Amino acid sequence: MSSQDIPEENLPVAQADGADLEKHGENPFADPGLPPHEHRIQDIDERAAKRSERTVAFLFTLSMLATIGFIASYVAFPVDKSIYVWPIGHISALNFALGMTLGIALFCIGAGAVHWARTLMSDEEIADERHEISAPPEVKAKVLADFKQGAKESAMGRRKLIRNTMFGALTLVPLSGVVLLRDLGPLPEDKLRHTLWAKGKLLVNQNTNEPLRPADVAVGSLTFAKPEGLEEHDHDFQTQIAKAALMIVRLEPDDIKDKQELEWSHEGIVAYSKICTHVGCPISLYEQQTHHVLCPCHQSTFDLTDGARVIFGPAGHALPQLRIGVNEEGYLQALGDFEEPVGPAFWERG
Amino acid sequence: MSTTTSSTDNKRKAPAGERVADWADGRLGIYSLAKANMRKIFPDHWSFMLGEICLYSFIIIILTGVYLTLFFHPSMNEVEYHGSYVPLQGQLMSEAFNSTMHISFDVRGGLLIRQIHHWAALIFVAAMLVHMMRVFFTGAFRKPREVNWLFGFLLLVLGMFTGFTGYSLPDDLLSGTGVRFMQGAVLSVPIVGTYLSMFLFGGEFPGGDFVARFYSVHILLLPGIMLGLVVAHLILVFYHKHTQFAGPGKTNKNVVGMPLLPVYMAKAGGFFFLVFGVIAAISALASINPIWALGPYRPDQVSTGAQPDWYMGFSEGLIRVMPGWEINAWGHTLVLGVFIPLIIFPLVLVTIAVWPFIESWVTGDKREHHILDRPRNAPTRTAFGVAWLTWYFILLIGGGNDLWATHFHLSINSITWFVRIAFFVGPVIAFIITKRICLGLQRRDKDKVLHGRESGIIKRLPHGEFIEVHEPLSQEALHTLTAHEQHKPLELGPTVDENGVERKVKGTQKLKAKLSQGMYGEESQIPKPTADEYKEITSGHGHH
Amino acid sequence: MKKLSARRRHPLAAVVVLILALAATGGLYAAFAPADKAQAEETQQSLAIEEGKKLYSVGCASCHGTGGQGTTDGPSLVGVGSAAVDFQVGTGRMPAQQPGAQVPKKKNIYTQAEIDQLAAYVASLGAGPVTPTDKQVSPEGADIAKGGELFRTNCAQCHNFTGEGGALTKGKFAPSLEGVSPKHIYEAMQTGPQNMPSFPDTTMPEKQKKDIIAYLDAVNGEKTESPGGLKLGGLGPVSEGLFAWIFGLGALIAVAVWVAARTAKAKKS
């Protein structure tokens, strides 16, 4: 960074026009200086100036009227009144009236002020001198001397024990703040490894809140299920469904390519986690002819006939499958929890 | 009110305003402050007002935000909806969503303020990006303004995150999906990811804490920092005085324009009302984030077309086009498919932020610069800026790949592949093309200076040839077109000195020389016309 | 709203018209001619299957086989039911005109009477979902809010929050539901056309289908209010972002240009 890196003549300052000027006596590109001020029509014609004045006053008056309109709309329009405004459509009368009147009231103040400035205030350009930001050398010398004096008087440099212990104390004290953050949340432990699914839990249709039978699930249909016992009003419903949500489809058993998938299915009915293994969107864009499932968030695509293997997109591994069977009463039930964590991958997932 | 003879006489003569000012001066020293600033000069150019759009939309956001806090309940307790919007009657939702519904349908003007808040936020970040690129392309970031460049950059980054936290507060199905995405990204961080996620959400996702936590971050922490930075940014603008484009009478040592009082005050003050007025009108005409149509968040529900607000769109693009790499070893998972985009996300922004420092290192230029560059006169910088923007917009396309697919009847898979390739190729092509265009424009300027302006008048010479008459430029134009400086590329010099001893050249020096050659070498700028060239051409009339 | 929806689809419609013109030869041409003739004929309910079979052999048999058993060009129609025929032909998807990722909807070329005859014939090949009655699909008495919840669980992932449609893999798409008749929505849920999965009565009872139809009518129907103003396609943040850039920032920059522009000077005389 030091300036000796650069040959002085490479700096553009050395090529500035000043050099030309000296050599040739006259610079064809010389700065002619600020052009002379030209008058606007308002500067020389009082009638034009009056017109401008009236325009500005008109804008300010319009703003006043708009504000009155705003208050009137606030009082007049019920909050749920709908009107048809071409070409927008059916919209809230109140929102439209308030927004337009407020917009006009504000805009007219601004337009008035700017028109005033542009046409009636002086438009003569003025040049202001700049001053170098850096301090002159003598100021710098004074400051450095003062600093040295102060440092010397503090004896920071000489009494190293004080200095070092102070730095030590200052380094440690923020730790209290960091420690206080500990209770922001619990430790992960194995929370991400388990869901509500367990052996014998019935697969409950999310639409009807009734347990599903194999006969309910037709080939080509799509059904979403939750574990028996989990209700929308439960205080932890959101957290539980975020892991337990299930997507159920029936395939022709012959179409299933993956051996384990076939084993874990029941009569071609397969149950997969609805939570994408990428970053956890509820994946459920099931194409019943291709048997592909697409995630609407980031387009990871899984092949449901092949163990829900990833065939496109950013997901890193297949959707976890839930092993299902039928209980004595003929209802679909889980034969255990998912064997691997559902949802996005994480460091401890393994 | 008690009086003594002579001084009261004086005071009675002074008008009320002056007496108030005297009072304030005695305590705040306002006269000295006003002396330096009341007639401060600001140059006029539309592009200098982009920063004002940012400032004013920021103020509008704060004003409307305060109003919204009066009605919003940052709580995730589940309640049943019983407001006036029929299609959600009886649905379970968080209090956050419920209160946002209340603001939108039952508070008179609540919907308008919500829409102004959200539209202003989108415009705020957009204006910051455009303002930043204006500063970039004109070289306004050069000494002494590097620190202010960084302040502005930080404001952009903080603005994005303030926006993201705000977008998440209503706890609707769209924003909840966005939060889920963020949580998945946090989980991908090696070693500490799960811990971070648990601490951030107070346990497993979604838990019952994040709205309240995001709320304090959105309304207090981030805006507080931003307000401080905005003030510092403005103080520095005042302190450095504004930059200006080259022109007659404009030098590096002065600033030409209108005084703060009255012209600039009227224009800038008026512009605040204009910005507010435009945003209010937009909020009357166009709906934004209609949460009633989106519904309350549930982690097992989703809609297609799930996107973040536009300023997070490039991160969405990154994550959408990344291949699903995942490494499993020794009982651990490295989620590269998510973690790499998470790392590239800040790097995209940092890439543009570090340019001023690279440029100043390469040029070694330590002088103050107050005259702006025309973008064409800094071809490498301009090309770099355009390449960066291209990169950014390619990622935005990736972030909206599903809508591109449906609206242009394309395959989503092809678009993803296009973005994957364009991510690497696009910026390079943009760089090369932009540089060519800049050099072409430089040549044209040079021609204009040396041969004059094409007048459009066709003249037929006696022997039948048609020529176009070129008019010489005015002195003002001649000066303006030649006022820019041109750096010479850095030469390392001979590596062996006159005594035959090999001189050691550090690797960084070699790199600097290479970059300098790239930025200022023959391929990268057209030497501007010299006085000699001009005189030679203008004295001999025969050829043009 | 139907008109509006037609206009929205306009570019697509133009393409279809073009292809129509190009492909107006052979079997497809044959499909039009008898249809026109058939319009003039008096149809009788008792002859529906007979008539349907005639229509079928002209318009459908080339792909689906003479007895509806299916060929390499089209699936078997045995057991698809009258609802499937009513949907596919009623929305103009069938007869299909060109190969592609997906058969799009287009102008329907059969009268409802002809569609009913076709449906009756196909239904006679094997039992399947039956065309719903007007009462079954009417949104009256339905629970709109429940319909919304069901829609977000079962439909929104492909068709968007309010049924604006969305992308599927490799150029396929879930179409917009704007302006689609309740009957066709009902039939689509029942039969699962093309790549859409079906939602049979066993997992989504009739009442719930009604709820969904009622919800769609409430949030994306002719009378639906968009309180905040322009809906911007109902597509979410992408269109909002575009609007903010073009009309928001665009308008503000235009204003800035005015504010900073030089005022006209008086002409020197």
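**Close-up 1. The contact between chain C and chain A in the predicted model**. The contact draws 41 residues from chain A and 34 residues from chain C. On the side of chain C that touches chain A, helix H9 (144-154) and helix H10 (156-159) of chain C each supply at least two residues. The residues of this side of chain C comprise 16 polar, 14 nonpolar and four charged.

**Close-up 2. The open sheet of chain A**. Five strands of chain A, in the order S4-S5-S6-S7-S12, make up an open sheet with antiparallel pairing. Strand S4 (203-205) and strand S12 (321-322) of chain A are the edge strands, each of which pairs on one side only. Strand S7 (residues 269-273) of chain A pairs with S12(A) in the antiparallel sense over two bridges, and A:Tyr272 stands opposite A:Gln321 in S12(A).

**Close-up 3. The two annotated cytochrome c segments of chain C**. An unreviewed UniProt entry places the annotation "domain: Cytochrome c" on residues 47-126 and 142-263 of chain C. In the model, residues 47-126 of chain C are 50% helix and 0% strand, with their end C-alpha atoms 18 Å apart. Residues 142-263 of chain C are 52% helix and 3% strand, and the end C-alpha atoms of this span lie 64 Å apart.

**Close-up 4. The annotated transmembrane region of chain C**. Residues 242-261 of chain C carry the UniProt annotation "transmembrane region", which likewise comes from an unreviewed entry. This span of chain C is 95% helix and 0% strand in the model, and a distance of 27 Å separates its end C-alpha atoms.

Definitions and conventions
Residues are numbered from 1 along each chain as its sequence is written. Chains are lettered from A and ligands numbered from 1 in the order in which they are written. This is a predicted model: local features need pLDDT of at least 70, side-chain atom pairs count only at pLDDT 80 or more; totals for chains, interfaces and linings use all residues. UniProt positions are given in the numbering used here, feature names are shortened, and annotations may be inferred rather than shown by experiment. Helices (H or I, at least four residues) and strands (E, at least two) are DSSP runs, numbered from the N terminus. Two strands pair if DSSP finds at least two bridges between them. Two residues are in contact if their C-beta atoms, placed from the backbone, lie within 7 Å. Ala, Val, Leu, Ile, Met, Phe, Trp, Tyr, Cys and Pro count as nonpolar, Asp, Glu, Lys and Arg as charged, and the others, Gly among them, as polar.
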